[in-house]
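Subject: Structure handover

Hello,

Here is the structure for your files. My notes on it follow below.

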Amino acid sequence: MTDADRTHDIVVWGATGVAGRFVAEYLTERYAPDELSLAAGGRSPERLDDVVSDLTARSDAWDDVPVVVGDATDPESLRAIARDTRVVCTTVGPYTTYGTPLVEACVEAGTDYCDLTGEVNWVREIVDRYHEAAVDADARIVHSCGFDSVPADLGTLLAQSFAAETFDAPCQTVRIYLEDGSGSVSGGTLASFGELFDAADADPLARQTLQNPYSLAPPGERSGVDPGEQRRPRKDSLRSAWTAPSPMAAVNERVVRRSNALLEYPWGREFRCTEVVPTGDGLTGAVTAGLVAGGLGAFTAAMSVGPLRSALREYVFPDPGEGPTRAETEAGHFLIRVLGRGMAADGPFTVEVEFGADRDPGYGATARMLGEAATCLATGDVDSPLDGGVLTPASGIGRPLADRLRDVGFTVSVGEPSDD
Ligand SMILES: NC(=O)c1ccc[n+]([C@@H]2O[C@H](COP(=O)([O-])OP(=O)(O)OC[C@H]3O[C@@H](n4cnc5c(N)ncnc54)[C@H](OP(=O)(O)O)[C@@H]3O)[C@@H](O)[C@H]2O)c1
């Protein structure tokens, strides 16, 4: 089947959910029907009709948005969608529960795919089961195209590209700082987070995946010099300030290492990458780092105990389907700073990347990141040596995604740090 035989450029699969709705809204606001043929996908025709009514009411360009109906538990319905679509852009999670048959359908149909997963245990399963078949089918399966892990992964790619162009050497070390941010978390995200702990309880392979910093590298390459996540407060060598562990490090660092591996180690086999939360200098910085680390440790410990996890889900977490309003996403923001250190012929160098947006990171900004990732794939606007496989944003799409995000108002800058 050629691409010309396919009806839809992009299906937003899960358009009735919190994240999927924001993605569909973003794409219909940004692109006209003659630029992008878009469909909204889900399991409930009634809920999809509500979504389409909203989309057309807020848009001058879109009189109608086609819908496609299927079910994540009905593989034949997913095959039909994958065969008729260039890119399936999915927000149907938890991906450990719902994601695998859709990936399989996309690989079978040679259809590109992108998602929002941060479930590293599931990504590892997909790598092991489908990478080779996706390579053979020229299907780009690009995971983690939201706040997990676009800023960290593209930020690292930009730092490394700048280092190669300017200093003719890679950054041997990259540190990713969650510098600033405000936003909220949906019931669907918390359900997916809970799924990660369920998997760690039940499945030794999932536990191993969470313990090994290289678990998303190709089989046979799952070891190296990088010790993995920072687990306690530490004085930072690059900034002489205190840092705490980052809640997203377990995902983002592994994705960045997978990018390096898939691109055939342009940043070297000794490359190290750490993501942290900077907390400032002096006593205040040290105390804040301790508080952040303690809070994260307490939450992780609570989530690791089955009955406590069940109680949090039952009484504390919002239900799947609940999440921030549009106004709340517009009030949020985030900034990530990436510092890369390397050694040029004439001495050490530092590269700095800023990656941020004036939107809630998990929804408003994520809708743009995933929507533009899907658009890059649908239009062939990618800078990647890889035509297929189980890929990362940096290895499967690359710089065009950063350019598109800059065009829609993201801060994306790279250079040498200023002295002040
Ligand atoms: N990486 C990031 O930055 C980031 C940010 C946001 C979200 N996420 C992830 O994105 C995922 C979705 O989050 P969310 O808050 O949007 O969740 P949500 O509101 O619960 O939405 C889930 C979607 O999946 C659909 N769905 C559930 N079961 C289905 C089935 N059997 N067949 C077809 N569709 C089905 C739901 O349809 P109904 O409406 O019919 O129930 C809904 O459209 C989560 O895994 C979350 O962790 C990641």
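The lining of the largest cavity takes at least three residues from each of domain 1 (3-146 + 364-401) and domain 2 (150-360 + 407-415); the domain bounds come from an automatic or database assignment. This is a predicted model, in which local features need pLDDT of at least 70 and side-chain atom pairs count only at pLDDT 80 or more, while totals for chains, interfaces and linings use all residues. Residues are numbered from 1 along each chain as its sequence is written, and side-chain values use heavy atoms, without hydrogens and water.

A cavity here is a set of points, on a 1 Å grid over the protein atoms alone, where a 1.4 Å probe fits but cannot get out; lining residues have an atom within 4 Å of a point. Points are joined across faces, edges and corners, and a volume is the space filled by probe spheres set on them. The whole structure has four cavities of 30 Å³ or more, and the largest holds about 80 Å³.

Its lining includes Phe22, Tyr26, Arg326 and Arg368. Helices H1 (18-30), H13 (326-331) and H14 (361-379) each give two or more residues to that lining, with H1 supplying the largest share, four residues. Helices (H or I, at least four residues) and strands (E, at least two) are DSSP runs, numbered from the N terminus.

There is also an open sheet of seven strands with mixed pairing, in the order S8-S9-S10-S7-S11-S12-S14; strands pair if DSSP finds at least two bridges between them. Strands S8 (234-235) and S14 (411-415) are the edges.

Regards

Key
1 Å grid on protein atoms, 1.4 Å probe; cavity = no way out; pocket = protein on both sides within 12 Å on 5 of 7 lines; lining within 4 Å.
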